[in-house]
Amino acid sequence: MGSSEGRAVLQLEDEDLVRSEHFDRKTSSSGAAPQGSSYDVEEDDDSPKSILNSIRKNIQIVFFSNKLNILVPCGPLAIVVNELTDHHVSFQTVFRPQKFYDLYTSSCDIVFQGWIFILSLLGIIPLAERLGWATEQLAFYTGPTVGGLLNATFGNATELIISMYALKSGMIRVVQQSLLGSILSNTLLVLGCAFFGGGIIHSNKEQVFNKGTAVMNSGLLLMAVMCLLFPAVLHVTHTEVHFGKSVLALSRFSSCIMLVAYGAYLFFQLTNQKNLYMPMAEEEDQIDGSSDNEEAPEISKWGSILWLSVMTLWIAVLSEYLVNTIEGASVAMDIPVAFISVILLPIVGNAAEHAGAVMFAVKDKLDISLGVAIGSSTQIAMFGIPFSVVVGWIIGCPMNLDFQMFETATLLMTVLVVAFMLQDGNSNYFKGLMLLLCYLIVAASFFVHIDPESIQDKPRKHNG
C-alpha cells in the first residue's frame with residue numbers, strides 16, 4: 001500500500017514537472033509572451049501602486065514613444081486660441097468706432113480662424129498616427145483577419161469623423177471633396193511613394209504583389225466611379241425626370257447598392273479566399289522568431305481599446321474646430337476650399353498610412369502596402385461615400401453622389417491610371433514616380449479650381 005502511494009506521489013511530481021517544462025518551452029518559444037506576461041501580472045495585481053505603475057507605463061508608451069507626438073500640444077492650443085478669440089470682440093468695441101470695428105473684427109476673425117485651422121490640422125496628425133498604432137496593438141489580440149478589418153476601418157476613421165462634422169454643418173462640398181481627396185491621396189500619393197521607395201531600395205530585383213487582389217480592388221473602384229458618374233452626367237445633361245430630385249433619389253439608391261456590394265466583398269474576402277491582410281500573416285510565418293520580438297504588443301488588450309476610444313474622441317473634438325474654420329482659413333491663406341478639402345485634409349488623415357505603406361514596401365512586403373493604399377481607397381469609395389449619403393438622408397441633409405464633372409473626371413482618370421499600373425502584378429520605382437507626378441498634376445488642378453456660386457456651401461449663420 002505504501003509503495004503504491006509512493007508511486008502515485010512520484011507520478012504526480014513528474015506530471016507537474018512536465019507541465020512546468022511545457023509552460024517554460026511555450027513561453028520561451030514565443031517572442032511576444034515574455035513581454036505580454038508583464039502586463040498580465042500587473043492586471044491581476046489590483047493594488048493602487050500597481051495600477052498607477054500600469055497607467056504611467058501606458059502614458060509613457062503612448063505619448064513618448066514617437067517623435068511625431070511633439071505636435072500633440074497643437075490640439076489644446078487650437079482650443080485655447082478659439083476661446084481667447086471669443087473675447088477679443090468686446091475688448092475692441094471699447095476703443096474703436098463702430099464703422100471701423102466691423103472691418104477690423106472680421107479681418108481679425110479670419111486671421112484667427114486660419115491659426116485655429118492650422119493648429120487643429122497639426123494636432124490631428126499625431127492623433128491619426130496613434131489611432132493607427134492602437135488599432136495595430138488591438139490586432140495582436142484579435143488575429144490577422146479581424147485585425148485587418150480593424151486597420152482598414154480605423155485607418156479611415158479620421159476622414160469619416162471630419163466628414164460627419166462637415167455634413168452636420170451642411171458643408172456638402174467639403175464632405176464630397178475630402179472623401180474624393182482621400183481616394184486620390186491613397187491611390188496616387190501613398191501607392192506612388194510605396195512603389196518609388198520600394199523600387200529604389202530593391203532596384204536589383206522586381207517587386208511583385210498579389211495581382212488578383214489588386215484587380216478586384218480596381219474593379220470595385222471602377223464600380224464606385226460608375227455610381228458617381230451617372231448622377232453627374234444626369235445633372236449636366238439636364239435629363240432628370242424631376243429636376244433637383246432625380247439625382248438625389250438615384251444617389252440614395254446607388255449608395256444602398258454600394259453598401260450591399262461592399263458587405264458582399266468583405267464576406268467574400270473573409271470566407272472564400274485569403275483576405276487583403278493575409279500576406280502579413282504569411283510574412284510573419286516565413287520569418288524566424290526575431291520578427292516575433294519586433295512585432296510583440298506593447299500594451300494590453302483593454303489598454304488598446306481604452307486608447308482607441310480616447311484618440312477617436314479627441315480627433316472628433318478637433319475635427320469640429322477644423323471644419324468650423326475651413327472657410328476662414330481659405331480666405332486667410334488665399335487657398336481655394338477645394339484645395340484644402342481635396343489635398344490638405346486627406347494628407348493629414350492618411351499621414352500614418354503614408355508612412356506605414358512606404359515602410360512595408362521598403363521591407364519588400366508590397367502586398368501589405370497595397371492593402372493599406374488600395375484597400376483604404378476601396379473602403380472610402382464603397383463605404384465612406386455611400387455611408388455619408390445615407391447619414392445625410394437620415395439627418396435631412398441632401399448629400400448626393402453628384403460630385404460635379406471636374407471631380408468625377410479626375411477620379412475616373414486616376415482609377416484608370418492605377419488600374420493599368422497594377423494589371424501586371426509587379427512594381428518599380430518608375431511606376432511610383434509616374435503616380436507621384438500624376439498626384440502633383442491633380443494637386444495643381446485643384447489649386448486653380450473653384451466651385452460655381454450655385455453649388456458652393458452656404459456660409460453658416462451660427463458659430464458652431
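In this predicted model, the side chains of Arg 173 and Asp 451 form a salt bridge, with an N to O distance of 2.9 Å. Arg 173 belongs to helix α9 (residues 172-201), whereas Asp 451 is found in the segment after α20 (429-447), so the pair ties together parts that are 278 residues apart in sequence. Both Arg 173 and Asp 451 are buried. The two residues are also linked with Glu 407 in a network of salt bridges.

Across the whole structure, a search finds four salt bridges. One of them joins the side chains of Asp 364 and Lys 205, at 2.4 Å from N to O. Asp 364 sits in the loop between α17 (351-362) and α18 (366-395), and Lys 205 in the loop between α9 and β1 (207-208); the pair therefore ties together parts that are 159 residues apart in sequence. Asp 364 is partly exposed, its relative accessible area being 23%, and Lys 205 is likewise partly exposed, at 43%.

A further salt bridge connects Asp 424 with Lys 431, whose closest N and O atoms are 2.8 Å apart. Asp 424 is partly exposed, with a relative accessible area of 40%. Lys 431 has a relative accessibility of 9% and counts as buried, because buried means under 20%.

Notes
Residues numbered from 1 in each chain as written. Predicted model: local features only at pLDDT ≥ 70, side-chain atom pairs only at ≥ 80, totals over all residues. Heavy atoms only, no water. Helix = DSSP H or I, 4+ residues; strand = E, 2+ residues; numbered from the N terminus. Buried < 20%, exposed > 50% of the residue type's maximum accessible area, 1.4 Å probe, protein only.
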